[in-house]
Amino acid sequence: MNPTAESATHNTPLGEEKQGEVYLAERKEEFAKRYYIESYGCAMNFADTEIVASILTKEGYGPTEEMDGADLLLINTCSIREKAEDTVRKRLKIFNKAKRANKGAMIGVLGCMAERLKSKFLEEEKLVDIVVGPDAYRDIPSLIAGAEHGNKGVNVLLSREETYADISPVRLDSNGVSAFISIMRGCDNMCSFCVVPFTRGRERSRDLYSIVAEATELWEQGYKEVTLLGQNVDSYKWENPETKEVVSFAQLLVHVAKVNPKLRVRFSTSHPKDIDDEVMFAIRDHHNICNYIHLPIQSGNSRILKLMNRTYDREWYMDKVKRIYEVIPDCAISSDIITGFCSETEEEHQDTLSIIEWAKYTMSYMFYYSERPGTLAARKYPDDIDLKTKKRRLQEVVDLQLEMSHQHNLNDIGKTFEVLVEGTSKKSDQDYKGRNSQNKMIIFPKVEGIKIGDYVMVKVGDTTKATLKGKIVSV
Ligand code: SAH
Ligand code: SF4
Ligand code: F3S
């Protein structure tokens, strides 16, 4: 596929616009009622869907992949860009049709758009029954009960404590090899373009022991990789209520890495201002903490970064990248980039292009600026770059990043990597796919005796623009 500006707006671990996913019904006969759920947005939203699934299971609901016949139709929404909200509104039209066809069915809107629009949702969308924000999922059963008696319900209370630490997620849509673990919620950074602090509330960190217990349980179930999730993982900070000892993100990483040396540990997302030497040393010193850091820059220009309220400038970011490559020479770094932010000039856009080249990102998630109501930027700065310019700049960024990714891949030819086998390649059932520590996907022919979840050594022989190809050289 030839990526265009449009396809480049696809998902980031904590971005959005991943297509809605529908989950398979297992053990159909055991449940009295059925829920159908679609999820949009970032990995955290998908992880939340697994919390909601757990809450619903206790209420006697089982999942279904068909809207037809479902008792509860749920949509877990994203607000990060206008397009994400447009997608949800389109899907709700389809949900409304299904509700009319299924007598007694209810529609629930969950997630960030629910939080942003609150009770306005019920006015705008007459067929919606419940609206539930990201910190109120425990209230879903009582909201459903109320709606069954004709009382439409809204709970969008944000919490300073809720981390759902005690709820064991139902792993939906899993390959049985990799799983997400939420380690914190909310965000205290006020990037001027971003709606997340408003939809997810204040930052709070989850109990260390519940995280380690979840990782241990996943390992025991056969999982080989966990990704620790948060909008800003490096500011993880948990105080043990008994000892008052404060646990940092670097310490958490090491605790999870020690669950088993064969359990790969990844994390997302790192804010450049918070990642420190301790985190880099943890990566360097533990083979199973992957040599990969997602370090969004957003813009390569210091004036724009200041307007974005990112709290670092170009030079500071460059020093951080230099330090990463110094401590972990084979580390892969990726980024998020926004083009056409308020008042961005052509020269300032050039600074973004040059930093992509300089930082040698293995990949980036790239977007054009979308003004979000209520944010600092929406209140203070005119959205004055026309759409055509925003899109043209985005295309330039996409083209350059593709070129850089290709260069990076060409440099890998001849190298041998440890790869975790994640599944069969989409293109050929004769091939496996898996990623190396640097998070690069490698395709290689299947070999007798090797199964999904195994680690293998793969020598790279070839590359396309996006994917490495190789052969197993040893197990
Ligand atoms: N917490 C993460 C990012 C979460 S949102 C971080 O700080 O890195 C994922 C990405 O969406 C952001 O990094 C940014 O590139 C993009 N994004 C957020 N708000 C946006 C907006 N209003 N318009 C365009 N892109 C946006
Ligand atoms: Fe948004 Fe900034 Fe928080 Fe990321 S760090 S979620 S971009 S406010
Ligand atoms: Fe995630 Fe979208 Fe909310 S990116 S935090 S689901 S606004």
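User: What ground rules apply to the model and its numbering?
Analyst: The model is predicted, so local features need pLDDT of at least 70, side-chain atom pairs count only at pLDDT 80 or more, and totals for chains, interfaces and linings use all residues. Residues are numbered from 1 along each chain as its sequence is written, chains are lettered from A and ligands numbered from 1 in the order in which they are written, and side-chain values use heavy atoms, without hydrogens and water.

User: Why is Met-67 called buried?
Analyst: Buried means under 20% relative accessible area, exposed over 50%, and partly exposed in between (1.4 Å probe, protein chains only). Met-67 has 13%, so Met-67 counts as buried.

User: Where does Met-67 lie, and what does Met-67 touch?
Analyst: Met-67 sits in the loop between strand 2 (61–63) and strand 3. Strands here are DSSP runs (E, at least two residues), and helices are runs of H or I with at least four, numbered from the N terminus. Contact means heavy atoms within 4.5 Å. Leaving out residues up to four places away in sequence, the contacts of Met-67 include Tyr-36, Leu-73, Arg-91 and Phe-95.

User: What makes strand 3 mostly covered?
Analyst: Six of the six residues in strand 3 (residues 72–77) are buried. Leu-72, Leu-74 and Asn-76 are buried on one side, and Leu-73, Ile-75 and Thr-77 on the other. In a regular strand the side chains alternate between the two faces of the sheet.

User: How do you know that strand 3 pairs with strand 1 and with strand 4?
Analyst: Two strands pair if DSSP finds at least two bridges between them. Strand 1 (residues 33–39) and strand 3 run parallel, with five bridges. Strand 3 and strand 4 (residues 106–111) are also parallel, over six bridges. Ser-39 stands opposite Asn-76, and Leu-74 has Gly-108 as its bridge partner.

User: Why is the crossover of strand 3, helix 2 and strand 4 called right-handed?
Analyst: A crossover is right-handed if, with the strands pointing away from the viewer, the path from the first strand over the helix to the second runs clockwise. Strand 3, helix 2 (residues 82–101) and strand 4 make a right-handed β-α-β unit.
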